[in-house]
Amino acid sequence: MTVPGAAAHDARPDWPYPRWIAHRGAGRLAPENTLAAFRLGASFGYRMFECDVRLSADEASFLLHDDSLDRTTDGVGPAGARRWAELAGLDAGRWHSPAHAGEPLPTLERIVQFCLGQGCALNVELKPGPGTEYRTGQVVARQLRQSWTAAALPPLLSSFSTAALEGARAAAAALPRGLLLDALVDGWLQRARRLDCVAVICEHRLCNERSVRDARDAGFRVLAYTVNEPAEAERLLGLGVDGLITDRVDLFPPQDGQR
Ligand code: G3P
Ligand code: MG
């Protein structure tokens, strides 16, 4: 698998992304999926971020993990039922800590500009609300195709949803895709192959010698989420996993040993 623009950025021409990836921006020490979390991750030296992206009712792309607003904002109910003008006024930081009160939900565009400005790579997890799977993939991938400059490493799109990845492929086939897996169900490699993915992104306990070898033999890179324990990170690095997605930007120096 060759990622466009890779050779200029890394000695590993077929996998140019940093080894360490901050999860939900770096969303444990700061409110997840906010610009504050990205700034925090960057301050710890992180150069790649995972984030969760969904659509508002009027199809604005923005960052939020849950279908519902309740856990991480001062809003209530399904996020996908609200127009962006309403969502933009919510507080997505106070739930985390008083210091982050007033932190807004970020648009995907704001995060793209941050990453481009900082020279950071991005893994956009497509998190469609119910019934919007294909459309979410399509809209987000189209937007990224237009706003991500050709000089930078392309964003890696990922999802647990087959339909979301199909939508992304239809809108921007050249953007690399990763299939998220929380179980190695029958046909997992065939599913990744059918979606023309470049990587499988596995719940970390799914990674073992056999699964990593099978994925590699089938031509996929292997990433693992969410890796927060040093012994587990060591085990995964020993298996040759290509990327580790972590909440613990304070614990794992991203330049430690391997980028
Ligand atoms: O993309 C990896 C990971 O973020 C998937 O799980 O629930 O944290 O979005 P979740
Ligand atoms: Mg995620």
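1. Start with the metal. In this predicted model, the magnesium ion (ligand 2) is held by three residues: E50 and E125 each through OE, and D52 through OD. The coordinating distances run from 2.0 to 2.2 Å. If you go looking for these donors in the sequence, the spacing to search for is E-x1-D-x72-E. Now find D52 in strand β2 (residues 48-55) and E125 in strand β4 (residues 121-126): the two are 73 residues apart in sequence, so the pair ties together separate parts of the chain.

2. Next, have a look at ligand 1. Which residues are around ligand 1? The list is H23, R24, E50, D52, H65, E125, K127, F160, L180 and Y225. Sorted by class, that shell holds five charged, three nonpolar and two polar residues.

3. Zoom in on the polar contacts. The side chain of H65 puts an N or O atom 2.6 Å from an oxygen atom of ligand 1. For E125, a polar side-chain atom sits 2.8 Å from a ligand 1 oxygen. How much of ligand 1 does the protein cover? On its own, ligand 1 has 290 Å² of accessible area, and the protein covers 90% of that.

4. You'll find R24 in the loop between β1 (20-22) and α1 (35-43). T226 itself belongs to the loop between β8 (221-225) and α8 (230-239).

5. Last stop, the inside of the protein. How many cavities of 30 Å³ or more are there? The count is one, and the space in the largest cavity is about 40 Å³. Its lining is made up of E32, N33, T34, L63, L64, H65, T72, A92 and L105. By class, that lining comes to four nonpolar, four polar and one charged residues. Keep an eye on H65 here: H65 lines the largest cavity, and the H65 side chain also makes the 2.6 Å approach to an oxygen atom of ligand 1.

Terms used
Residues numbered from 1 in each chain as written. Chains lettered and ligands numbered in written order. Predicted model: local features only at pLDDT ≥ 70, side-chain atom pairs only at ≥ 80, totals over all residues. Heavy atoms only, no water. 1 Å grid on protein atoms, 1.4 Å probe; cavity = no way out; pocket = protein on both sides within 12 Å on 5 of 7 lines; lining within 4 Å. Points joined across faces, edges and corners; volume = space filled by probe spheres on them. Nonpolar A, V, L, I, M, F, W, Y, C, P; charged D, E, K, R; others polar. Near = heavy atom within 4 Å. Polar contact = N/O pair within 3.5 Å; in protein donor to acceptor, adjacent residues only side chain to side chain. Areas by Shrake-Rupley, 256 points an atom, 1.4 Å probe, with all protein chains shown as cover. Donors = N, O, S within 2.8 Å, 3.2 Å for Na, K, Ca; no water. Helix = DSSP H or I, 4+ residues; strand = E, 2+ residues; numbered from the N terminus.
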